[in-house]
Amino acid sequence: MARRAPAIERCVAVLNHLAAAPDQPRTLSELARDLDLSKATAHSLLTTLTDAGYLTRDEERKTYGLGPALIAVGNAAAGAYPAARLARPAMDELSDEFDLEVIASAGIGDEIVILARAGTPRPLGINIAPGQRLPLVPPLGTVFVAWAGDDAIEAWLGRLGPSVSERERKLYRRALAAVRERGYSVALAGEGQQRLVEALTEAGHVGDGSEGADEYALLELAGDAAYRINHIGAPVFGPGGEVALGLFLIGFRGQIPAEDVPGYATTLVDAAEEVTAALAGQRPA
């Protein structure tokens with residue numbers, strides 16, 4: 001295993017932390033506290049990143065924010081990672097058709113990284129922005145894992161920790177099977193979803209699985225039911241059959257009748273398949 005470089009990991013942590021809330025610059029003290037760094041270490045990192053143009057410093061407020069050098073890096077990354085660029089027209093069309101927001105994200109390592117967002121955020125809606133990251137931990141990320149091999153699925157389940165019961169693991173496997181069969185995922189909103197996101201954001205894991213698939217991932221649609229939906233997601237496949245990108249409809253309002261869900265999902269899947277074709281991708285067998 002390659003030796004880790006703590007200094008580089010700290011720089012990455014600073015950039016990721018600021019990218020998660022780009023409109024909220026942080027002071028040296030706030031960054032040191034949030035990232036569990038000494039002020040001396042944080043000051044050295046911030047000075048180096050500011051000198052390189054990756055951060056800017058507001059001399060009056062004594063705060064740090066993202067710098068202009070990251071624009072060039074981002075543009076270069078967009079060229080090297082065409083899936084998000086190719087998905088943009090489809091995202092805009094979906095947003096206009098449904099009056100919803102559309103998110104494009106990728107599963108990278110053990111994280112979900114938000115790459116792009118279309119549509120206007122509604123008041124009190126989901127606060128997700130490009131650059132934000134979430135742990136790729138059950139029940140999150142079924143779209144990225146459902147078509148993966150056994151090793152990847154086991155690694156995903158393993159992030160739950162040893163305290164999760166076999167019943168919970170079977171439930172997550174059922175969630176993956178449902179996504180593969182339908183071709184899309186449906187996640188529910190509500191108290192269970194809120195507790196799940198808070199637990200993942202604060203601790204990076206679900207703990208004992210109590211905020212699990214039975215409260216978040218919708219496994220079956222009941223014909224006469226109505227649901228508060230957090231998101232509907234569909235995969236974009238790359239040339240090797242891997243999931244290169246996930247497209248997600250978010251910002252649903254009120255209760256959505258079960259009979260209406262396939263309409264949203266079918267249009268989303270069609271859009272994802274168009275992006276797959278533009279990417280010269282293919283759905284795995």
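So, how many aromatic pairs does a search of the whole structure find? It finds 5, where a pair means Phe, Tyr or Trp rings (the six-membered one for Trp) with centres within 6.5 Å, called stacked if the planes are under 30 degrees apart, edge-to-face over 60 and tilted for the rest.

Quick housekeeping. This is a predicted model, with local features needing pLDDT of at least 70 and side-chain atom pairs pLDDT 80 or more, while totals for chains, interfaces and linings use all residues. Residues are numbered from 1 along each chain as its sequence is written, and side-chain values use heavy atoms, leaving out hydrogens and water.

Okay, the pairs. Trp 147 and Phe 237 have ring centres 5.4 Å apart and planes at 85°, so they are edge-to-face. Trp 147 is in the loop between helices H6 (142-145) and H7 (150-158) and Phe 237 is in strand E9 (229-237), so this pair ties together parts 90 residues apart in sequence. For the elements, I'm using DSSP runs numbered from the N terminus: helices are H or I with at least four residues, strands E with at least two. Phe 237 is buried at 2% relative accessible area, and Trp 147 is buried at 17%; buried is under 20%, exposed over 50%, partly exposed in between, with a 1.4 Å probe and protein chains only.

Next, Phe 252 and Tyr 264: also edge-to-face, 5.2 Å centre to centre, with 80° between the planes.

Phe 98 takes us to helix H5, residues 82-98. Its buried residues include Ala 87, Met 91, Leu 94 and Phe 98.

Finally, the core. Which residues touch the most other members of the largest nonpolar core? Among them are Met 91, Leu 247, Phe 252 and Tyr 264, in a core of 36 residues. By core I mean buried Ala, Val, Leu, Ile, Met, Phe, Trp, Tyr and Cys joined through side-chain atoms within 4.5 Å. H11 gives the most to this core, with 8 residues. Apart from it there's another core, of 23 residues, including Ile 112 and Leu 160.
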